[in-house]
Amino acid sequence: MENRLTRVAETTARPQVLLIGPYDPHCGEYTFLAPPLGVWRLAGVLESAGVEAKVFDPNCCRERPQRALERELRSGAWDIVGVSTTGMTLRFDLELAHIVRRVMPQVFMVAGGMEATFRPELMFELGPFDLIVLGEGERPLLELVARLRAGQPVGGIAGTAERDKDGKILSIPQRALNRAELRDAIHSTPYHKMPYSAYWDRLESAYRIGALPSKAAREAHLAEIRSVRLITLNYCPMGCTFCSATNFLHEAQGSVASVARLEADECLIMIERIVAAQPHVRTVIFQDDIFAFTRDHRILPLCEGIIAAKQSGRIPAHLQFISTNRIDAMSAERLRAMSRAGFRVLGFGIESFSKNVLGEFNKAQIHRHIEPMLSAALASGVTPFLDLILSSPRATLEDVGETLREAYRWLRAGCEIGMYPYVIPFSGSAFARDPSLLPQTYYADQRVAGTDIVWQQPVKMLPIDPIVTGAILRIESSFEAMLGEIEEHTAHLPSRLRSLLWILCSLPIMAERGHYIADESEVWSELYARLPMLRPAAPIAAATA
Ligand code: B12
Ligand code: SF4
């Protein structure tokens with residue numbers, strides 16, 4: 001095969017780049033999907049540099065994404081096709097990559113994103129790529145395009161991994177974008193082109209909005225659905241042991257990267273741009289891994305700025321906000337300011353109510369802040385959204401029970417909760433790199449449709465204690481069976497209801513082992529209260545394992 005990397009590229013005055021977002025055929029099922037921000041930001045940056053760049057979004061096509069992609073490929077004279085990857089979507093991302101190679105055998109193909117950064121060798125092994133981009137794609141892509149324009153060879157670019165003719169992989173680090181570069185990249189995001197309304201339409205019909213009982217409930221759902229995502233931070237330095245995002249920029253740089261983020265006035269400029277580009281937006285979601293730090297000089301001026309912008313009519317008074325936060329960075333003063341500015345939901349990566357498990361996750365310091373800050377948030381009219389992981393490699397059954405009991409308590413108090421049964425060993429996380437946890441890692445055979453490629457991907461990290469693992473797996477299979485039944489009767493089940501279902505399914509299994517979590521009939525009533533259409537069909541198979 002001709003090596004497209006070392007070949008001297010033909011001079012291309014105006015290179016055309018097609019960027020494909022991560023592909024999840026089950027989109028909308030687990031979470032609110034949205035246009036893929038990473039590739040849209042890259043497209044914006046390329047366009048600002050005079051490059052023709054287009055995003056292909058496989059999660060939002062009118063026809064089968066495979067067919068739509070073929071059509072897109074044949075409709076342009078593409079010089080570079082880039083494929084975005086995440087661990088969860090890799091087999092689907094690869095399916096699209098192989099379609100690209102079949103339709104355009106000569107096109108220069110690049111992979112980027114989370115999974116490509118942490119596993120460049122796997123990308124070369126499973127995918128038809130010429131080059132892997134490590135970390136932020138802006139600089140490497142601009143350099144690649146510059147080389148194409150100048151007719152120069154495309155090897156040796158900082159922030160890429162390439163394979164030599166003997167198959168050896170050479171990774172060339174790049175430093176993370178600095179504050180000014182990050183700001184310019186975020187400012188280039190073409191919000192006016194992003195098909196948010198297509199996503200909203202789909203989500204609204206998935207949630208059968210019109211069928212909701214009261215106008216207030218409908219409005220609440222619409223506010224959540226008609227949201228636009230904004231990222232103002234490059235990464236989170238917290239170093240949680242299960243998290244890959246925290247190591248993403250270090251991996252690409254080969255050393256510890258510096259944190260960079262927008263200032264309060266720059267955030268306001270972006271909010272105004274979003275409102276101008278997507279006038280029907282009801283909620284802006286700050287998708288930063290961590291929105292407020294413990295020593296944070298931005299949060300109060302930003303809230304003041306939002307309030308002033310609302311008063312002067314620069315942004316709509318009804319605009320709401322959601323952000324993901326460190327619970328140990330919250331204070332009564334900050335919560336009040338955020339509530340006044342229109343922050344309606346605050347996400348907190350609590351992960352566990354057990355101090356032992358939090359220690360294992362490298363976030364023991366948040367434990368003492370959970371109770372007072374959740375109470376304060378609820379008191380100030382903000383809904384906390386908690387992400388929880390029921391088990392950890394070293395969890396005991398008592399740890400699992402504590403998290404389930406507390407989750408139920410906080411759900412009833414008004415929190416929203418997203419629950420996952422076990423740690424997913426994402427490439428790049430400290431857990432996934434810990435050899436002592438290899439025996440706890442379970443793999444699944446993954447197949448790439450349309451090819452005969454099969455590989456084993458780590459999908460679960462289960463507790464060392466076999467009794468805990470047994471319980472967690474039984475809870476999981478009971479949950480899946482019940483969810484299947486319930487979703488036959490009703491529309492998509494949002495995470496707040498899924499959490500109740502997890503709790504319900506855990507009751508008999510935990511009780512068998514001497515752990516009381518909650519009263520079963522009471523949990524059913526909570527579920528009916530949130531899903532009235534379920535009542536006539538009850539009892540859906542009892543919560544037995
Ligand atoms: C926002 C977000 C979401 C949103 C929206 C996603 C979207 N459509 O934009 C929602 C809520 C829908 C979501 C869902 C999920 N997410 Co999410 N999400 C994020 C989050 C917080 C930010 C992503 C983002 O927009 N970053 C900002 C952009 C600018 O960065 P970027 O995408 O990384 O892109 C840059 C580079 O990666 C690179 N790049 C990216 N693609 C490409 C392609 C090419 C060709 C090139 C050259 C470069 C390149 O250049 C870009 C610009 O610098 C990340 C955490 C994080 N910090 O990244 C998790 C994260 C990506 N999500 C994750 C997960 C697990 C999920 C879910 C599976 C959760 C679930 N259990 O349901 C689902 C999967 C949905 C799906 N189909 O992909 C994991 C992925 C882990 C992994 N290693 O694979 C992450 C890393 C969080 C974590 N550490 O656990 N997510
Ligand atoms: S706080 Fe969130 S983003 Fe930061 S390291 Fe922990 S899990 Fe990752």
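Helix H15 is followed by Gly381, whose phi is positive, near 85 degrees. The model that contains this residue is predicted: local features need pLDDT of at least 70, side-chain atom pairs count only at pLDDT 80 or more, and totals for chains, interfaces and linings use all residues. Residues are numbered from 1 along each chain as its sequence is written, chains are lettered from A and ligands numbered from 1 in the order in which they are written, and side-chain values use heavy atoms, with hydrogens and water left out.

H15 itself covers residues 367–379 and bends by about 25 degrees at Met373; the bend at a residue is the angle between axes fitted to the seven residues ending there and the seven starting there. Helices (H or I, at least four residues) and strands (E, at least two) are DSSP runs, numbered from the N terminus. Met373 is also among the buried residues of H15, together with His369, Ile370, Leu374 and Ala377, where buried means under 20% relative accessible area, exposed over 50%, and partly exposed in between (1.4 Å probe, protein chains only). An α-helix has 3.6 residues a turn, so residues three or four places apart point the same way. The buried residues of H15 pack against the helices H13 (332–341), H14 (355–360) and H16 (397–413), and against the strands S11 (343–351) and S12 (383–389). Contact here means heavy atoms within 4.5 Å.

Strand S1 (residues 16–20) is mostly covered, with five of its five residues buried. Gln16, Leu18 and Ile20 lie on one side and Val17 and Leu19 on the other, and both faces are covered. S1 runs parallel to strand S2 (residues 52–56), to which five bridges join it, and Ile20 stands opposite Phe56 there. S1 and S3 also run parallel, joined by four bridges, with Val17 opposite Ile80 in S3. Two strands pair if DSSP finds at least two bridges between them.

A polar backbone atom of Ala34 is 2.9 Å from a nitrogen atom of ligand 1. Oxygen atoms of the ligand lie 3.3 Å from a backbone N or O atom of Leu37 and 3.0 Å from a polar backbone atom of Gly137. A polar contact is a pair of N or O atoms within 3.5 Å; within protein, one must be able to donate a hydrogen and the other to accept it, and residues adjacent in sequence count only if both atoms are side-chain atoms.

Ligand 2 is surrounded by Cys236, Met238, Gly239, Cys240, Phe242, Cys243, Thr246, Asp289 and Ile290. By class, its shell has six nonpolar, two polar and one charged residues. Ala, Val, Leu, Ile, Met, Phe, Trp, Tyr, Cys and Pro count as nonpolar, Asp, Glu, Lys and Arg as charged, and the others, Gly among them, as polar.

Two further residues remain. Thr283, in strand S9 (residues 283–286), is buried, with a relative accessible area of 0%. Ser312, in the loop between helix H12 (299–311) and strand S10 (320–325), counts as partly exposed because its relative accessibility is 47%.

Terms used. A residue is near a molecule or strand if one of its heavy atoms lies within 4 Å of it.
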